Amino acid sequence: IHGLLLIIKTTQQHNNKGIKNMAKIDIYQTVTNQIIAQLENGTAPWHKSWVGGGLPLRSTGQEYQGINILLLSMQGRSNQNWMTYKQAASLGGQVKSGEKGTMVVFYKSLKIEDKVTNKEKMIPLIRHYNVFNVEQIDNLPAKFYATTTGPKNTEEKIAIAENYISATQAEIRHGGNRAFYSPSEDFIQSPNYDDFDDAVSYYGTMAHELAHWTGHNTRLDRFFKNSDGTKDYAREELVAEICATYTMAKLGLEITPRPDHASYIASWLKVLKSDPKAIFKACSKAQEACNFLWDLTEESVLELAA
């Protein structure tokens, strides 16, 4: 009996040691490091890989949200469809040998006791799993390999983008050589349409300024403040940049970096290096802004797209 107890104790110690030594991924830091690496190379990852048009899709056809859009768009895939290994198998597909999955995240609620109030409360815990692009999978139904959605030519897409902007009913003033949003007077200023290199550049700028427009205190009341009470432009610019990318992807247009993009990189790096959760917060706020705009414009856009 003594020998059996010793074996059990030794086994438990070994198992506990193994569990303690297991590498636990810091999801926030892992993702932030990927974004930082891209920015240090002079490229904003939210400008990359919208080759196929549209936002990344789950196997159900639902769009991914928030930070997952960035994580998937950074992979350089031309197809917008993604799924887990099991989902692929359930559809008759087989992940190709040697292919590696891409991490996506989700939040799971955990009930804990508040040490101050002694009351139960729910806190969000971040979790992750891997998905594969359909380009990494054989034998799926043909519909998953299609890469085009929505309007197929640029003229249709531009018409829908124009309809989208008009449907917001935001006040937009044209003239001068600067694009900006004025929170105090609640209007967007933009150079004239013909002053842009092309139509896509104009609508990309409009998408960016409309993202700022959603932050007004009569809408999402979002504008960030530093610890000293001043406005935190770097965080707000992150939200606007990412929201504009989401918006343009929904419209089937590929956004191009703004002329002032390079000047913001240093400030974005400072924000991300000081807070591993900053990019998650920015993506969440960008998604909220994108959803707000889409709720205003969806009916009008769909009518034109039909």
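The following legends describe an overview and close-up views of a predicted model.

In this model, local features need pLDDT of at least 70 and side-chain atom pairs count only at pLDDT 80 or more, while totals for chains, interfaces and linings use all residues. Residues are numbered from 1 along each chain as its sequence is written, and side-chain values use heavy atoms, with hydrogens and water left out.

**Figure 1. Overview of the protein, with nine helices and eight strands.** Helices (H or I, at least four residues) and strands (E, at least two) are DSSP runs, numbered from the N terminus. Of the 306 residues, 43% count as buried. Buried means under 20% relative accessible area, exposed over 50%, and partly exposed in between (1.4 Å probe, protein chains only). The protein exposes about 17100 Å², and carbon and sulfur atoms supply 51% of that area. Accessible areas come from the Shrake-Rupley method with a 1.4 Å probe; for residues, only the protein chains shown count as cover. Among contacts (heavy atoms within 4.5 Å) between residues at least 6 apart in sequence, 68% join residues at least 24 apart.

Figure 2. A disulfide is a covalent bond between the sulfur atoms of two cysteines. The criterion used here is a pair of cysteine sulfur atoms within 2.5 Å, and by this rule the count comes to zero. Cys243 counts as buried because its relative accessibility is 0%.

Figure 3. With a relative accessibility of 0%, Gly215 counts as buried. Leaving aside neighbours within four places in sequence, Gly215 is in contact with Leu220, Asp221, Arg222 and Phe223. Ala289 is 74 residues from Gly215 in sequence, and the C-alpha to C-alpha distance of this pair is 7.7 Å.

**Figure 4. Close-up of the salt bridge between Lys121 and Asp114.** Side chains of opposite charge can pair when their charged atoms come close. A salt bridge is taken as a side-chain nitrogen of Lys or Arg within 4 Å of a carboxyl oxygen of Asp or Glu; by this rule the count comes to 11. The N to O distance between Lys121 and Asp114 is 3.4 Å. Lys121 is partly exposed at 37% relative accessibility, whereas Asp114 is buried at 17%.

**Figure 5. Close-up of the salt bridge between Glu171 and Arg173.** The side chains of this pair meet at 2.9 Å, N to O. Glu171 is partly exposed, with a relative accessible area of 38%. Arg173, at 34% relative accessibility, is partly exposed as well.

**Figure 6. Close-up of the salt bridge between Arg235 and Asp275.** The N to O distance is 3.9 Å. Arg235 lies in helix 7 and Asp275 in the loop between helix 8 (261-274) and helix 9 (278-305), so the pair ties together parts that are 40 residues apart in sequence. Arg235 has 23% relative accessibility and counts as partly exposed; Asp275 has 14% and counts as buried. Through salt bridges that share partners, Asp232, Arg235, Asp275 and Lys281 are joined into one network.
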